[in-house]
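Subject: Structure handover

Hello,

Here is the structure I promised to pass on. Please have a look at it first; my notes on what turned up follow below.

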Amino acid sequence: MPRREIISGNWAFAEAMRQINPDVVAAYPITPSTDIPMKFAEFVANGKVDTNFVTVESEHSAITACVTAAAAGARVMTASSANGVALMHEIFPIAAFFRNPIVFGLVNRSLGAPINIHCDHSDSMGERDAGWVHLYCEDAQEAYDSAILAVRLAEHKDILSPVFVCQDGFITSHSFEAVSMLDDKTVKSFVGERDADLPLLDVDNPVTYGSFAMSEYYFEIKRQQVEAHRNVLKHYDSVAREYESISGRFYPKLDKYRTDDADFIVVVMSSASGVVKDVVDELREKGVKAGCLRIRMFRPFPAAEVAEVLGKAKAVAVLDRALSIGGTAPLSAEVKSALYDAGAHVPLQSCVYGLGGRDFFPQHAMEIFADLQKGNIRAEERYIGLLE
Amino acid sequence: MKKEMNSAEMARPKKWQDVPMAGVAFGASAEAVETGQWRSIRPVWDSEKCISCLLCWNQCPDRAILTDENGKVSGIDLFFCKGCGICAHVCPKDAIEMKPEADFPSDSGSR
């Protein structure tokens, strides 16, 4: 039976993992994602899943075990955060290159140093170019739903790419909220069994993974990965619609909140969009045509669709929860690039907020919208809530 | 015994779409790769001294020690031998001697 429970983002993700019942989970704990493998280990110990749960000595080993299991033909999931994600960095492009459809619960936490356990997006943004799909969730419900949806997206025959399902550390991962969950049978039939291409365990048709590819073919294999991501943009909606048919919940690549006729739009990802949407409602009551564009899919970046939403606005602010020190913050860079390609020169303010878990309040969003209305837009990045 | 390189899977792809997914190599294709091209010194086997203890067979990283139907050492497969010299090093009877490739100008060991 479908249920509705008060549950945290991490537990919601772990509950989705229980229902998916992956063949292999290899994980190493790190705050704030620890709850996911912890809760999942309980399911393993209590016989709720058939998963081969591999405990390892580091995140590097965890993702390596995931990659080899996925290449063998297994359905694989794991989770990590922050410096754990950074330690996995070497292996992420290999997973993407091997076309391993791993679904990864990435609980966003600032990358040390200084050591800090709270949320920003510096960990996942460091893996921006690894060839993984990036989905950013606003709340626990979305983290639960995305875990299940991501299995089908990752294993789609035209895609075969690993997927990060990101949620904000502590804000989403540890806050308890009402989450609707599907019954086990529905999830089981939605995800089905993995039908692996070229699995290592098919001993009648042996293949070697990890072969040497020099200047003759390296480029061509990378081009295939580019195609896989183009196919994500092509096929995502049909997978999301299929998920809607079993859950009643549809998650578009871009969450366009009152943007249709908006003059002033704030672009943001993950949990902070809730704050921005509240402020949009408040401004709308005062007659200000405000909107919020939440980017759910960051890789591949739906550039044309982003430009379509923002192209007619009078002014736009992009909120990044990560820096690119010495350059343009990652989300801002993507949005600017998308607008340039569309020939839309919309005044745009880059803002960085929330680093290391710095709070983002409604008054901050209010001030950002006020500056957009006044045309107070500068080429240089602004820092929201910084002591200055 | 050796597979041809020009099977459908191993044919040289002309377009990015034709390269095997994930850059995989199909079954037993290493048997067609001539690793012997690397060799600068070559093992020369003396059948008189050899007692077929198979230490060299066991230690060879390239499966280049040949054996006959009775499991006795019968020679060295220069198509694979990279000339590492482990066989000569482990041989208890000094039945294998490493000699410079320059000593064999008309015989590369290639097929």
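Let me begin with one helix of chain A. The cover over the buried residues of α12(A) includes α6 (122–125), β11 (264–268), β12 (290–295), α11 (303–310), β14 (315–320) and β15 (348–352) of chain A. Helices here (H or I, at least four residues) and strands (E, at least two) are DSSP runs, numbered from the N terminus.

Before going further, two notes on conventions. This is a predicted model, in which local features need pLDDT of at least 70 and side-chain atom pairs count only at pLDDT 80 or more, while totals for chains, interfaces and linings use all residues. Residues are numbered from 1 along each chain as its sequence is written, and chains are lettered from A and ligands numbered from 1 in the order in which they are written.

Back to α12(A), residues 330–341: its 12 residues reach 17 Å from first C-alpha to last, close to the 16 Å expected at 1.5 Å a residue (that is, 1.5 Å times one less than the number of residues). Its buried residues are Pro330(A), Leu331(A), Ser332(A), Glu334(A), Val335(A), Ala338(A) and Leu339(A). A residue is buried if 20 or more other C-beta atoms, placed from the backbone, lie within 10 Å of its own C-beta. After the helix comes Gly343(A), with a positive phi near 70 degrees.

Helix α10(A), residues 272–285, has 14 residues and spans 21 Å between its first and last C-alpha, close to the expected 20 Å. Among its buried residues are Val275(A), Val276(A), Lys277(A) and Leu283(A). Their cover includes β10 (254–257), β11, β12, β14 and α13 (362–374) of chain A. Gly287(A), which follows α10(A), has a positive phi near 90 degrees.

As for chain A overall, there are 13 helices and 16 strands. Its radius of gyration (over C-alpha atoms) is 21 Å, close to the 21 Å from the globule rule for 388 residues, so chain A is as compact as a globular protein of that length. That rule is 2.2 Å times the number of residues to the power 0.38. Buried residues make up 52% of chain A.

Finally, the two chains: 11 residues of chain B are in contact with 17 of chain A, contact being C-beta atoms, placed from the backbone, within 7 Å.

Best wishes

Conventions: Buried ≥ 20, exposed ≤ 12 C-beta atoms within 10 Å, placed from the backbone.
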